[in-house]
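Hi everyone, thanks for coming. Let me walk you through a structure that may be new to you, starting with one residue and then widening the view.

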Amino acid sequence: MCGITAFTGKDAALPILLSGLEKLEYRGYDSAGITLVDDKGLFTKKAKGRLKDLEDMLDVPSFHQTTGIGHTRWATHGVPSQLNSHPHTNAANTISIVHNGIIENYESIKADLKAKGYEFQSETDSEVIVHLLDYYYDGNMLEAMKKTVNQLEGSFAICVLSTDEPDTVYVAKTASPMVLGKSENGTFAASDIPAILEYTKDVLILEDGQMAKLTPNEISVYTFHCEPVEAKWTHIPYDIEAAQKGGYDTFMLKEIYEQPEAIRETLRGRIEKGEIHLEDLEKLDFTKINRVYFVACGTAWHAGIYANTLFQKWIDVPSICVAASEFRYSDPHVDDKTLCVYISQSGETADTLAALKMSKEKGAQTISVVNVLGSSIARASDVTLYTCAGPEIAVASTKAFTTQLALVTLLILKIAELRGTDVACKAELLEGLKRMPEVVSAMLDKHELMKEYAGFLKNQQDAYFIGRQLDYVSVLEGALKLKEVSYVHADAYFAGELKHGAIALIEKDTVVIAMATQPEVAAKTISNIEETMARGANVILITTKDQPAPKFKYVIRIPDVHPLLAVIPVTILLQLFAYYAAVEKGRDVDKPRNLAKSVTVE
């Protein structure tokens, strides 16, 4: 995810671009850049780091250009760096572009352009766009745009400047957001409404397969074949804070619905032609390890349990998942033959960071899986793998968790490969991960059903989540999410342990959420669940497409996925369940009491 702004009009463009990028910085913050244009040419400035780092490099009042484009980036192709930052310009410094999205065929385009003599300065997929425009441009930028966008495959939102038209911005989009606006002082483009809401509440939401030409007084819309399109304007009745929620009632709900894209971004470039690309792992020596620890807190700890389960299934090295708060005080056996994997959304979790520092002092090899670039845990680790969930604003983690699940699956498969261990189901898992965004979207379509089932808790203060094997990861996370946002007491149990005490808590109308997605234990799990039904429980069963469940009234079936990946679609359902239970009880979903987004103290 990246943030894009553009402006052409009567006022100085730079303050407008920077103000818009500030409102979009939640979409990406590892680098930022701007290009301004006037009759003297292009001026481009880029900075690795936060938007503030770019602003500190600019004497803003001294720039009077009235046309420009801006960008704030979340690194995917290419590490965060000055060269990989946007905007990208052609060699003659006459065309500049910013881009949000994924150019899936960039490698073949890049090879073709190199054969034509073009030189590339960055590792990004985006740079092919500016060189294509340069190649096709013959004085008619709209025609060059047409030829360029029709050659691109994937998703993109693009803004383009040219020195030949210093008062004009060209834009195009497919499968990435782009909104346009117009005021008496000029015209605007951005990747999200908050960036322009300060200037106008009348917006044009560009459709897939559309381009537009922005001049100070006019916006003209075209198809990708340069055919004129009638503009459809929308009035936005809400303020900037509401706009940042993208029309959702809360940030948590917005972030739940962002998961298909977050998973897609996390996997982008990491699975190609049946192979896993996590090249940084090759810096480590996995052949000498004789012990592995997965260390994390809270929701990330559940991702650690999942990772550890996969590791134990495929790799013959002792491993354990330990809560970071316990790790330092348990006198763990750590030395130079130990591998420690740390998982954290923020990269600043105090217990996890302290555990990481201790393991490094003892000589362990360290890997971190984090969501925030440049965070403390990321900087301290030997190797860092970034999820690409984008910033989470709601306190309860949603998209960070599901992207962690996807990424640690690749991590464990890659470690197995580097140790020379064959994983029989590798190809099936990689294909399953690639289609996971569509699977997650299908689960989001069940929101009305989950809202109905969450109503079972209206007069209840307790809920019980039960499952076996990897379903236990799902129930741990489901119970935690319900506790966090609804304040309903929720416990997670192994289904086979019910008779060892927990079943004493089950009575009429007790809400039980049960998982049965693991084929080797699904039938036994269902037998365990039926014991709660016999005691009057209201049971919601989440199971696979073909699992027989004739005695159950409330059944949700997930799509066909490999059982080892079932945790991801199940998690989506449980997030929705927790969310609607909290709404039913009138809770502040985004800011649950007593909780903080990043726990930076012990």
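Let's begin at valine 128, which is found in helix H4 (residues 127-136). When I say helix, I mean a DSSP run of H or I with at least four residues, and a strand is a run of E with at least two, numbered from the N terminus. Before going further, a word on the source: this is a predicted model, where local features need pLDDT of at least 70 and side-chain atom pairs count only at pLDDT 80 or more, while totals for chains, interfaces and linings use all residues. Residues are numbered from 1 along each chain as its sequence is written, and side-chain values use heavy atoms, leaving out hydrogens and water.

So, is valine 128 buried or exposed? Valine 128 has a relative accessible area of 0%, so it is buried (under 20% is buried, over 50% exposed, partly exposed in between, with a 1.4 Å probe and protein chains only). Leaving aside neighbours within four places in sequence, valine 128 is in contact with Ile103, Tyr106, Ile109, Lys110, Leu113 and Phe120, contact meaning heavy atoms within 4.5 Å. Glutamine 65, by comparison, lies 63 residues from valine 128 in sequence and 27 Å away in space, C-alpha to C-alpha.

Now to a pair of helices. H9 (residues 298-314) and H13 (residues 399-418) pack at about 25 degrees, with axes 9 Å apart; axes are lines fitted to C-alpha atoms, for helices over the stretch in contact, and angles run from 0 to 180 degrees between N-to-C directions. That makes H9 roughly parallel to H13, a label for angles under 35 degrees. Among the residues that meet here are Tyr306 and Trp314 in H9, and Phe401 and Ile412 in H13. The residues of this contact divide into 13 nonpolar, 4 polar and no charged (Ala, Val, Leu, Ile, Met, Phe, Trp, Tyr, Cys and Pro count as nonpolar, Asp, Glu, Lys and Arg as charged, the others, Gly among them, as polar).

Last stop, the sheet. Five strands form an open sheet in the order E24-E23-E25-E26-E27, with parallel pairing; two strands pair if DSSP finds at least two bridges between them. Strands E24 (489-494) and E27 (554-557) stand at the edges with a single partner strand each, so one side of each has no neighbour in the sheet. From one strand to the next, the twist averages 20 degrees. E23 (residues 462-467) pairs with E24 over 6 bridges, and alanine 463 stands opposite alanine 490 in E24.

Key:
Angles under 35 degrees count as roughly parallel, over 145 as roughly antiparallel, 65 to 115 as roughly perpendicular and the rest as oblique.
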